[in-house]
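This report goes through one protein model.

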Amino acid sequence: MNVVSLLTPKMQVAYLYDDCTVRQGIEGLRNHGFTAVPVLSREGRYVGTVSEGDFLWHMLDRQDNSLRTREKLPLREVLRTDFNPAVSVRVSMGELLERAMEQSFVPVVDDRGAFMGIVTRQTILRRLTEPTAEVELEAEEYAKSAR
């Protein structure tokens with residue numbers, strides 16, 4: 001099992017651009033029905049992940065929460081730089097599993113930092129519970145390496 005075999009590609013992932021407004025970001029989350037989504041630059045680089053909580057805390061910290069203000073403020077102003085960092089496509093399975101235990105999806109980037117897609121915790125769990133000899137062997141190998 002490798003990262004690419006678990007990857008949900010960019011074209012199937014809901015994401016926002018960092019130059020969108022806060023209002024567009026909130027509406028995007030609502031329309032997609034997710035609590036968090038990746039944020040990309042227009043060049044396709046992974047910038048971060050924005051969550052419902054980020055919007056809530058931002059609104060609580062600001063004095064003016066009018067729609068006009070949210071229409072002007074870029075989404076990049078809401079992002080936490082340390083939240084949900086991306087992994088390289090060359091990440092080890094052990095590190096990917098560690099990250100998946102902490103967050104519901106792990107963003108994946110190529111060697112240039114371009115966003116490739118995400119690996120969800122659900123996809124990992126499904127793959128690990130498939131009754132195949134290959135998965136059982138890989139799980140055993142991982143367990144041995146973790147000791």
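Is Asp-110 buried or exposed? Asp-110 has a relative accessible area of 18%. The cut-off for buried is under 20%, so Asp-110 counts as buried. The model discussed here is predicted.

## Asp-110 and its partner

Asp-110 forms a salt bridge with Arg-112, and their closest N and O atoms are 3.0 Å apart. Arg-112 has a relative accessibility of 61%. Exposed means over 50%, so Arg-112 counts as exposed.

## Other salt bridges

Six salt bridges turn up when the whole structure is searched. One of them pairs Arg-76 with Asp-18, at 3.6 Å from N to O. The two residues are 58 residues apart and link distant parts of the chain. Arg-76 is in the loop between α4 (67-72) and β5 (87-88), while Asp-18 is in the loop between β2 (16-17) and α2 (22-32). Asp-18 is buried because its relative accessible area is 11%, whereas Arg-76, at 42% relative accessibility, is partly exposed.

Another salt bridge is formed by Arg-23 and Glu-27, with the closest N and O atoms 3.0 Å apart. Both residues lie in helix α2, four residues apart, which is about one turn of the helix. Arg-23 has 26% relative accessibility and counts as partly exposed. Glu-27, at 37%, also counts as partly exposed.

## The nonpolar cores

The largest nonpolar core contains 13 residues. Those with the most contacts inside this core are Val-3, Leu-6, Val-87, Leu-96, Val-108, Val-119 and Ile-124. At least two core residues come from each of α1 (3-6), α5 (93-102) and β6 (105-109). The largest share, four residues, is supplied by α5.

Which residues does Ile-124 contact, leaving aside its neighbours within four places in sequence? Ile-124 is in contact with Leu-6, Leu-96, Leu-97, Ala-100 and Val-119. A second, separate core has twelve residues, including Leu-29, Leu-73, Val-78 and Leu-79.

## His-58

His-58 lies in helix α3, which covers residues 52-61. Its relative accessibility is 15%, so His-58 counts as buried. Apart from neighbours within four places in sequence, His-58 is in contact with Leu-73, Glu-77 and Val-78. Two of these residues, Leu-73 and Val-78, belong to the second core.

Key: Residues are numbered from 1 along each chain as its sequence is written. This is a predicted model: local features need pLDDT of at least 70, side-chain atom pairs count only at pLDDT 80 or more; totals for chains, interfaces and linings use all residues. Side-chain values use heavy atoms; hydrogens and water are left out. A nonpolar core is a set of buried Ala, Val, Leu, Ile, Met, Phe, Trp, Tyr and Cys residues joined through side-chain atoms within 4.5 Å. Buried means under 20% relative accessible area, exposed over 50%, partly exposed in between (1.4 Å probe, protein chains only). Contact means heavy atoms within 4.5 Å. A salt bridge is a side-chain nitrogen of Lys or Arg within 4 Å of a carboxyl oxygen of Asp or Glu.
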